Amino acid sequence: MLETYQLRNGMKVILWPTKKSPVVTVQAWVRTGSADERPGEEGISHFIEHLLFKGTRKYKVGEIASIIEGSGGELNAYTSFDQTVFHITISKEYTDVAIDTLNEMIGYPQFDKIEIDNEREVVIEEIKRSNDNPHRQASRLLFEGVYKKHPYKKPVIGYEQNIREFSRESIVNYYNSRYVPKNISLVVVGDFDTKKIKHDLENSFSKIKSFSLRKTKRAHEDKSRATTVNVLQAPFQETIVHTAWRVPGAKHKDTPALDLLALVLGQGDSSRLSYRVRINSAIANYVSAHVYSPQDEGFFAVSAGLSLENMNSYLSEVGEEILQIQLSGITQKEIDKALSILEADEIYGVETVDGLAQKLGSFELLFHKPDFYKNYLKKLSEVTPKEILNVARKYLTTQNMTVAVLTPEKQKEANAAAQKWSFDFSLAQDALRRVKPEVEKVASKRIKSREIKSSPKVTPIHKEVLTTGSKFILSPNQQAPTVSIRIAFRGGQRLEDKMNQGLSEFFTNTWTAGTQNHSESELLEKMDGLAMSIRPFAGRNTVGLSLTTLTSNLEKAFELFKEVVSAPTFELEAFERERLIMLESIKQKKDNPAQIAVQKFQEIIFAGHPYALDSSGTEDTIRSIKRQDVIAAYKQMINKANFTVVAVGDFNKKIGERLKSSLLELNAGSAIQDKFGVNKITDNKRVFEKLEKEQSHIIYGMRGLSLFDKERHTLQVLQSVLAGQGGRLFLELRDKASLAYSVSPLQTEGIETGYFGAYIGCSPEKGAKALEMLEIEFSKLAQDRISEAELERAQKYLIGRHDIGLQKNSALASSILFEEIYDLPYQNVFNYAEGIRAITTADVLSLGQRLFAEKKIITAVGPIQPW
């Protein structure tokens with residue numbers, strides 16, 4: 001199935017044909033990134049990534065995006081330390097379009113001086129956006145601590161001063177020295193004819209001129225270094241703590257054992273640290289462990305978000321857990337659970353053509369063998385408990401350790417706490433070295449690489465309206481050995497008021513915290529052991545559960561799912577833990593000014609309606625909600641007359657019957673069919689909240705449509721005219737005016753009403769201009785018909801994104817569910833293209849006039865008022 005070869009100019013080609021979905025992805029993996037930049041060049045790779053979208057010999061600015069989106073495709077790119085990747089995913093009918101446009105971008109960028117200057121402002125806006133993000137800042141602090149000499153210490157995005165000073169000549173020279181054919185791998189995955197694709201690639205990419213590849217020499221870290229403590233006080237609400245240890249890169253023999261150690265320590269709800277500091281003691285809002293395994297030296301990290309007052313306790317818990325592993329190792333059961341999770345990730349990761357291409361590209365980059373993942377899975381299967389203990393003892397020491405802390409206050413105290421913990425950890429390890437560890441000596445389970453079937457069997461959908469009025473829908477297929485079950489119950493935010501807002505989220509946060517047959521710890525342990533997930537969700541109109549599992553584990557997974565649906569216990573200890581975490585989350589909202597702007601907009605647009613409430617609640621409401629309130633909400637919503645359930649994937653009729661019978665055993669009740677009035681908005685309104693950030697965040701909008709409006713498809717087309725890299729907002733406000741990195745339309749449909757508008761994040765001094773231009777673009781939609789070309793692009797863009805988005809069983813299950821739960825036919829999912837193609841330019845103009853006649857609401861959050 002996999003085929004690799006070289007074009008005559010040295011460019012490597014990786015092909016993987018599969019007929020699972022009528023979709024193709026074409027990706028160019030350039031073996032160059034920010035770590036290849038010399039002093040003074042920091043950020044040039046990321047800048048070049050932006051500039052390749054800004055015109056070629058054939059295409060002007062914006063035309064590439066318009067062509068791809070007008071063919072129903074998606075395109076994007078990203079830059080990392082070791083690579084820059086450009087990727088297009090598109091219907092198989094337009095594979096030639098993807099090849100042509102990507103060939104133009106890679107082979108013939110123009111680097112127009114005016115466009116370079118325009119894009120400087122966009123990248124600088126992206127830098128400011130990053131500066132306002134606490135997680136980005138904490139990550140930068142971490143990398144600067146781990147790496148003192150290696151270029152991984154530098155931010156991929158670069159520095160503002162460099163971006164302002166790069167000349168066209170320096171950009172062209174750098175591009176010609178690093179983005180050369182022999183330094184690029186093309187990855188093509190999907191439903192294509194191999195013979196034709198080879199012919200098309202030969203007639204395009206093989207003609208790209210080859211320049212000499214500039215060699216790079218990266219500095220290496222000292223072999224041994226004392227602990228580094230980096231603490232930064234910044235204007236954020238959450239304290240973020242990264243504890244990291246330098247480890248070898250991806251190719252090293254110890255990497256598989258380190259990966260398994262990270263899984264056991266901090267991946268999955270039942271992992272040691274997740275249970276210890278998140279579930280059991282609730283001293284962290286979240287915690288994870290992971291291995292960063294790049295081309296060169298990487299690191300093993302434990303990361304958490306918490307309240308500063310819990311930092312000492314958190315570090316102590318982390319230290320004790322690591323020392324325990326270094327003393328006694330881990331069990332074979334833990335390794336087998338980790339391997340099960342990896343096996344599931346292997347399958348879920350290739351449900352889409354993008355996922356498979358990402359895997360092939362990554363392994364080609366790191367190992368020069370795109371199918372090396374098979375070898376890597378074998379190596380993981382061979383890891384023993386003793387090897388994991390050995391790497392824990394070898395690497396997780398105070399030599400080459402970094403503690404990075406981003407804190408909102410008390411920098412000196414936080415620094416002293418981190419230093420003291422590091423010293424205590426060192427003393428404990430000194431004592432540990434004198435103890436001989438004992439570990440299990442048993443073989444691990446085998447993990448196999450599985451391939452998704454190329455020509456899957458699909459069975460017609462079965463829908464049944466039960467005697468209770470609830471709906472039961474099955475869509476069996478063999479596209480992948482996975483199953484997704486989604487169940488939703490009417491209710492959600494619509495059952496809340498100002499005194500109990502946040503109740504639905506509180507309910508779903510505690511729904512999986514134990515059942516009548518399983519404690520919370522037992523439930524989490526079983527779910528991770530089966531590599532399955534049961535995720536609750538809460539929305540404006542519903543609450544529900546999502547089950548995702550491998551077919552091989554379906555029987556056991558189903559039994560747990562049934563228990564969670566019908567017999568949750570809402571244990572008081574878990575309830576109080578989640579209260580604390582929700583209160584922390586509310587406090588941290590100031591770290592997300594865009595979220596604040598959206599909430600303020602919703603409070604006005606939905607005034608007097610439950611949609612105006614804050615779904616996460618307020619401090620007062622979350623403090624006042626009692627366990628009995630959550631149980632009452634469960635009893636009101638979770639009944640056999642109030643649900644819609646959808647199962648999609650590789651399962652048999654027997655499971656379907658068991659699912660139906662188990663849901664019919666739910667408590668009796670009635671379907672929730674509430675109705676709310678909608679207040680008329682009589683005046684234009686503007687609301688501003690001052691918040692000291694580098695960017696202002698602005699929402700501009702008006703009343704929109706309900707879920708049942710006949711012009712629903714028209715609104716989606718209208719939104720699509722504005723959306724995407726080829727849409728009006730991106731072209732006018734970003735490409736031409738350089739006002740922002742992030743600008744996009746917003747649209748929400750509710751049962752009674754919705755809203756339509758746009759979001760932009762920009763420098764405060766650009767706010768007034770941004771508002772003026774948003775007003776102009778929306779006015780155009782009410783004054784003039786869009787062109788037939790724009791209509792066609794918008795239609796194909798919507799249809800293509802719809803089809804691409806349905807590659808996973810979970811996505812299809814959700815799409816069907818959120819039609820049927822509102823008494824809309826599931827056939828809408830499959831007839832979507834027909835509905836979109838029926839829209840005319842006159843329809844779009846008529847709806848634009850209808851919407852723009854509504855009063856305008858503007859909310860803004862930032863350092864200065866934008867009007």
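Ala, Val, Leu, Ile, Met, Phe, Trp, Tyr, Cys and Pro count here as nonpolar, Asp, Glu, Lys and Arg as charged, and the others, Gly among them, as polar. This is a predicted model, in which local features need pLDDT of at least 70 and side-chain atom pairs count only at pLDDT 80 or more, while totals for chains, interfaces and linings use all residues. Residues are numbered from 1 along each chain as its sequence is written, and side-chain values use heavy atoms, with hydrogens and water left out.

Start with the second largest pocket. A pocket is an open set of points on a 1 Å grid over the protein atoms alone, with protein on both sides within 12 Å along at least five of seven lines; a cavity is instead a set of points where a 1.4 Å probe fits but cannot get out, and lining residues have an atom within 4 Å of a point. The volume of the second largest pocket is about 1000 Å³. Volume here is the space filled by probe spheres set on the points, with grid points joined across faces, edges and corners. The lining has 33 residues, and those closest to the pocket centre are Asp 259, Ser 362, Phe 363, Leu 366 and Tyr 376. By class, the lining splits into 18 nonpolar, 10 polar and 5 charged residues.

Which elements build this lining? At least two residues each come from H9, strand S9 (286–292), helix H12 (332–348), helix H13 (353–367) and helix H14 (373–381). Helices (H or I, at least four residues) and strands (E, at least two) are DSSP runs, numbered from the N terminus. H13 gives the most, with 8 residues.

Stay with H13 for a moment. Asp 354 lies in this helix. Asp 354 is partly exposed, at 22% relative accessible area. Buried means under 20% relative accessible area, exposed over 50%, and partly exposed in between (1.4 Å probe, protein chains only). Beyond its neighbours within four places in sequence, Asp 354 is in contact with Thr 25, Gln 27, Thr 89 and Gln 807. Contact means heavy atoms within 4.5 Å. The loop between H13 and H14 holds His 368. The phi of His 368 is positive, near 60°, in a residue other than glycine. His 368 is partly exposed, with a relative accessible area of 44%.

Now turn to the interior. In soluble globular proteins, nonpolar side chains tend to be buried together. A nonpolar core is a set of buried Ala, Val, Leu, Ile, Met, Phe, Trp, Tyr and Cys residues joined through side-chain atoms within 4.5 Å. The largest such core has 74 residues, and Leu 260, Phe 300, Val 302, Met 311 and Tyr 314 have the most contacts inside it. Helix H9 (residues 255–266) supplies the largest share of this core, 8 residues. A second, separate core has 51 residues, including Leu 7, Ala 98, Phe 111 and Ile 127.

Is Asp 296 buried or exposed? It counts as buried, at 15% relative accessibility. Apart from residues up to four places away, Asp 296 touches His 150, Tyr 152, Arg 218, Pro 248 and Gly 249.

Helix H10 (residues 272–280) is mostly covered, with 7 of its 9 residues buried. Arg 272, Arg 276 and Arg 278 are among them. Ala 282 follows H10 and has a positive phi, near 55°.

Buried residues of H19 include Leu 554, Phe 558, Phe 561 and Glu 563. The buried residues of H19 pack against several elements, among them strand S14 (482–490), helix H18 (520–529) and helix H24 (653–663).Last, Thr 510 is found in helix H17 (residues 503–510). Thr 510 is buried, with a relative accessible area of 1%. Its contacts beyond four places in sequence are Phe 570, Ala 574, Phe 575, Glu 578 and Val 630.
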